[in-house]
Amino acid sequence: MASFIDTKLLGTMSTSATSLERITLEPSSPANSCVIWLHGLGDSGAGFAPIVPMLALPENHGIRFVFPHAPEQAVTINQGYVMRSWYDIKSMDLHNRADMEGVLASEKLVQGLIQEQIDLGIAAKNIVLAGFSQGGVLSLFTGLRFSQSLAGILALSCYLPTADTLPEHCHSANSTTPILQNHGEQDAVVPISAGKMANALLNEANYNVSWQSYPMEHSVLPEQLTDISTWLQARLLS
């Protein structure tokens, strides 16, 4: 049985990763790998923490799961309402959706979360960066630009914040890192075309990327979690 730690620390866009609120699920055996999982707009780490038992990982798997809560900020497309968000969303237009200043600020927070795990003794090569929707955008953007090789990048129902181009300063450290993209075929929040655009750019640049779509909307299916579990085990337990 995994132990549950809910770290209640206030966070803002200008704070360090150590001040981000997060939920941490520790394995029953000493942790030797980690999944950092970023939630979507308006959600929190609590939205995805319950999936860990559903992954049906082997006993004594040794994977620590970290579910950080995004800072709170006003979101333009939601009439300026303050909610947890990794960056402001300025419009529904894919080419002008993400506030890049906010993306870059949150990238630093996520880099700090990765560094925390490295400082705790887990090598970057044993860390998977995962995310759903806005969190998937950030996991993909951060992972492509991170300067140490990661175990994998999981990008669920998301897009590239740089629209029809890869991010600037992609680092060679993750040029061969396995990337798994999942998307819902009936997604009305992030159209599947946005995910496919990112997938095409990654394929054109010869990234080690896999794609799987599912008959769902902007969500996650049990069948999908089974596939994600298989992918995670191949990255962290093989």
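1. S147 sits in the loop that runs between α3 and β8 (152–156); helices (H or I, at least four residues) and strands (E, at least two) are DSSP runs numbered from the N terminus. The model is a predicted one, in which local features need pLDDT of at least 70 and side-chain atom pairs count only at pLDDT 80 or more, whereas totals for chains, interfaces and linings use all residues. Residues are numbered from 1 along each chain as its sequence is written, and side-chain values use heavy atoms, with hydrogens and water left out.

2. The surroundings of S147 deserve a brief remark. With a relative accessibility of 46%, S147 is partly exposed (buried is under 20% relative accessible area, exposed over 50%, partly exposed in between; 1.4 Å probe, protein chains only). Once neighbours within four places in sequence are set aside, S147 is in contact with H171 and A173 (heavy atoms within 4.5 Å). The C-alpha atoms of S147 and N174 are 7.6 Å apart, although 27 residues separate the two in sequence.

3. Helix α2 (residues 100–119) packs with helix α3 (residues 134–145) at an angle of about 70°, and the axes are 10 Å apart. This angle makes α2 roughly perpendicular to α3, a class that covers 65 to 115 degrees, with under 35 roughly parallel, over 145 roughly antiparallel and the rest oblique. The axes are lines fitted to C-alpha atoms over the stretch in contact, and angles run from 0 to 180 degrees between N-to-C directions.

4. The residues of this helix contact can be listed. From α2, M100, V103, L104, S106, E107, V110 and Q111 meet L138, F141, T142 and R145 of α3. Sorted by class, the contact of α2 with α3 comprises 6 nonpolar, 3 polar and 2 charged residues (Ala, Val, Leu, Ile, Met, Phe, Trp, Tyr, Cys and Pro are nonpolar, Asp, Glu, Lys and Arg charged, the others, Gly among them, polar).

5. E107 belongs to helix α2 and R145 to helix α3, so the pair links parts 38 residues apart in sequence. E107 and R145 are both buried.

6. The whole structure contains 4 salt bridges. One of them joins R84 to E21, with the closest N and O atoms 2.8 Å apart. R84 is in strand β6 (residues 81–84) and E21 in the loop between β1 (3–7) and β2 (22–26), so this pair ties together parts 63 residues apart in sequence. R84 is buried at a relative accessible area of 17%, and E21 is buried as well, at 13%.

7. A further salt bridge connects the side chains of R64 and E26, at 2.9 Å from N to O. Strand β4 (residues 63–68) holds R64 and strand β2 holds E26, so the pair ties together parts that are 38 residues apart in sequence. R64 and E26 are both buried.

8. Two backbone positions may be inspected. N60, which is not a glycine, has a positive phi of about 60°. N60 lies in the loop between α1 (51–54) and β4 and is exposed, at 52% relative accessibility. H169, another residue other than glycine, has a positive phi near 60°. H169 lies in the loop between β8 and β9 (179–184) and is exposed at 62% relative accessibility.
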